[in-house]
Each structure stands twice: as structure tokens, then as C-alpha cells.
Amino acid sequence: MNDLSPLVQEARADFERAGTPADLENAKARYLGKSGRITEHLKGLGALAADDKRSRGALINAAKQQIEAALDARRQALAQAELQAQLQGEALDVSLPGRKRGSGGGLHPISRARERIEAIFGSMGFDVADGPEIETDWYSFTALNNPENHPARSMQDTFYVDVKDASGHWLNLRPHTSPMQIRYAQAHAKKYAGQASMPDIRVIAPGRTYRVDSDATHSPMFHQVEGLWVGENVSFKDLKVMYLAFIQAFFETTELKLRFRPSYFPFTEPSAEIDIMFDGGPLEGRWLEVSGSGQVHPQVIRNMGLDPQRHIGFAFGSGIDRLAVLRYRMSDLRPFFEGDLRFLAQFN
Ligand code: DAH
């Protein structure tokens, strides 16, 4: 009588060699399939006498069970290995550094300049206010003592919006940030109305402004920062001290001079342009205009809802793009607004 244990050994070794579930199923067919080796042994039983059949059958069945057990064990081992590999592939290592985005974005140089301006004035006690870019005629012009026939109102300077306000005037894209003087001061005056005293108004309002103007030093969309300081005892001296401190902080140097050049604005009296001159560097020796300024006109103080007999102060309006051009030593401001990443990436 044949001993079937070598066959069982062989099957076990065969199953061990199967590296994948598919290999294993092929190996199984060689023993337990329709014409597999165990099946062939079983088929051979028919030719035996009844007694032999029983003992031989028991032997074959025992071998079959051992082979099935080995098959089962190998199936489980393969499934386990597969699961392990999958888990390893999907493993999340929280200590790995994050993926970087693109070539690295950054703040636009104009935004950098604006944030710098906000931080400097913030440190001097100025509030930072934001206002509408689509303005009414009253806020852009009338409240600022800008006469009806003033050229700034003309279509050559100001972009108008094809919508009229309640008073029948076309809305405009604000040509300067000065309307924010009125808006902010009105809100402040209202807040302290009826009280014995009012804290000084000290605010800057940076933002986008628009004018029909386009060349190397003018863009139809540009940026200004308005400044306003109104109280009971605020003078031009305060403006000079404060603006010099601002400019020195902005350009990170004390090697520069400030000059007030008499000028005209309807909303200030007296009015002055502020020029700066660097004592060294490539821009040395040239007066550079950076801001308009002046003592707030009594009529404007009135339009703010304040009493010109009691309240006095100064205002200024500086070009943020102009300051950025000087800080980054550029000769043309248009690259700021062309969106060319090769230019913008230099500021990151
Ligand atoms: N709004 C003026 C402009 O756009 C700039 C300006 C001048 C603002 C004098 C002021 C000021 O507040 O006092 O040209």
C-alpha cells in the first residue's frame, strides 16, 4: 500500500512556493482539481476490494485533509501578506514635511508696501480704515470742497459709473482716497455727538483709486493712502514730525530730507506737496514728490459734522505705488500691474 505522506509534503512545498493567490489556486488544481493527484487516487479506489477500499479510502482522505489544511494555511498567509503590503503603501507619516505649492507664491509688492505703511502708522496710533471704491459725487468732490467746475470732476480725469445716486449724480470710481476723510470723520463725530470732548481723529485709509491716466508713472488703477488727524490742537508741525518719522521708517533710513512745497487742493488751506530727497544712493540729490497734504479746510471740517471753530487738523494723500517704486528703485510702475510672475517672484 502506497504511503501518501510524500505527496502531502510535496503539496505543502508547492503551496509554499506560490507567491500569489493565483499561483496558489493553480497549485491546488494539481492536487485537488478534477484530474489532480488526490482525485486520481480516489478514482483508483473503484478497482479495489471492499476491505481494501475502506482502509485505502481512509488514507487518501487523511492525505486530502492535510493538503486542504496546508492550502488553507497558505491562503491565509498570502491574504495577510497582501493586507500588510497595502497598509504599508497607504501608511501616513505625519512627521513628513508638507508638499510645497507651485514655485511659491507671495504677497504683491504693493500689498507689502501697504502693510508696511499700515504697520508704521499703526505704531503711531493711527486707525486703519477701508472704504468703497465706487463713490458718490458728494463724497468724491462736493464734501471735499471741490467746486462743480473743478477739472478733477471731468471725464478726462474721473471714471464714471453708468448709475446715478439718489441726488441724480453719476457714481464714480473714486479718483482719490480723500472721500474716506469725510466718511471716517462723520462716523467719529456721530459716535461722540453730545459728549463734552471727542478723542482726536487719527486714521489712515489705504486703497485702490482710479483715474483716466496711463504712462510710465501713472496707471489708470493705482493706490493711495489717505491720512487724517483732527483734534483741538493739531498743527502743521505735527504733520511734519509725523510724516518725517513715517518716511524714515518706510525707507529704513534717516539719510533723507523732507520738503513742504506750497500747492493747492480745494480741501486744504494752506496746502503743500511733500517732497523727499535721499542723502545717498542712486536717487541722491533729486526732490521726489510723494504726497499732497494740508490743513483741513474749514468747510471740509463742517462737512464732516464738526465745528471749525473747535476742530482743526491736517490731511495727506500719498501714492503707495510711488513709494513702492522708490523703495524698490524702479523707473516705471507699470510692471506692478502686468502680472508677470518673473517680475513679481523677485519680491518673495
Ligand atoms: N487727494 C489728493 C490727490 O489725489 C491728494 C491729497 C492732497 C490728499 C492733499 C490730501 C491732502 O488729504 O490734504 O491728488
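Predicted model: local features only at pLDDT ≥ 70, side-chain atom pairs only at ≥ 80, totals over all residues.
Local features are taken only where pLDDT is at least 70 and side-chain atom pairs only at pLDDT 80 or more, while totals for chains, interfaces and linings use all residues. Residues are numbered from 1 along each chain as its sequence is written, and side-chain values rest on heavy atoms, with hydrogens and water left out.

**The ligand site**

The ligand sits in the largest pocket. A pocket is found on a 1 Å grid over the protein atoms alone, as an open set of points with protein on both sides within 12 Å along at least five of seven lines; a molecule sits in it if more than half of its atoms lie within 2 Å of its grid points. Around the ligand there are 15 residues, of which His176, Ser178, Gln181, Arg211 and Glu226 come nearest. A residue counts as near if one of its heavy atoms lies within 4 Å of the molecule. By class, this shell has 4 nonpolar, 9 polar and 2 charged residues. Here Ala, Val, Leu, Ile, Met, Phe, Trp, Tyr, Cys and Pro count as nonpolar, Asp, Glu, Lys and Arg as charged, and the others, Gly among them, as polar. Strand 6 (221-231), strand 9 (288-296) and strand 10 (312-319) each supply at least two residues of the shell. Strands are DSSP runs of E with at least two residues, and helices are runs of H or I with at least four, both numbered from the N terminus.

| Residue and atom | Ligand atom | Distance |
|---|---|---|
| Ser178, polar side-chain atom | nitrogen | 2.9 Å |
| Arg211, polar side-chain atom | oxygen | 2.7 Å |
| Phe316, polar backbone atom | oxygen | 3.3 Å |

Taken alone, the ligand exposes 350 Å², and the protein buries 91% of that; the areas come from the Shrake-Rupley method with a 1.4 Å probe.

**The sheets**

Strands of a sheet pair through backbone hydrogen bonds, either parallel or antiparallel. Two strands are taken to pair if DSSP finds at least two bridges between them.

Strand 7 runs antiparallel to strand 8 (residues 268-278) over 9 bridges, and Phe260 stands opposite Ile274 of strand 8.

Another open sheet has 3 strands in the order 2-4-3, with antiparallel pairing. Its edges are strand 2 (134-135) and strand 3, each pairing on one side only. Strand 2 is joined to strand 4 (residues 170-173) by 2 bridges, and Ile134 has Leu173 as its bridge partner in strand 4.

**Backbone features**

The peptide bond from Glu269 to Pro270 is cis, with omega near -5°, and Pro270 lies in strand 8. Asn145 is not a glycine, yet has a positive phi of about 65°; Asn145 lies in the loop between helix 6 (137-140) and strand 3 (160-164).

Notes
Polar contact = N/O pair within 3.5 Å; in protein donor to acceptor, adjacent residues only side chain to side chain. 1 Å grid on protein atoms, 1.4 Å probe; cavity = no way out; pocket = protein on both sides within 12 Å on 5 of 7 lines; lining within 4 Å.
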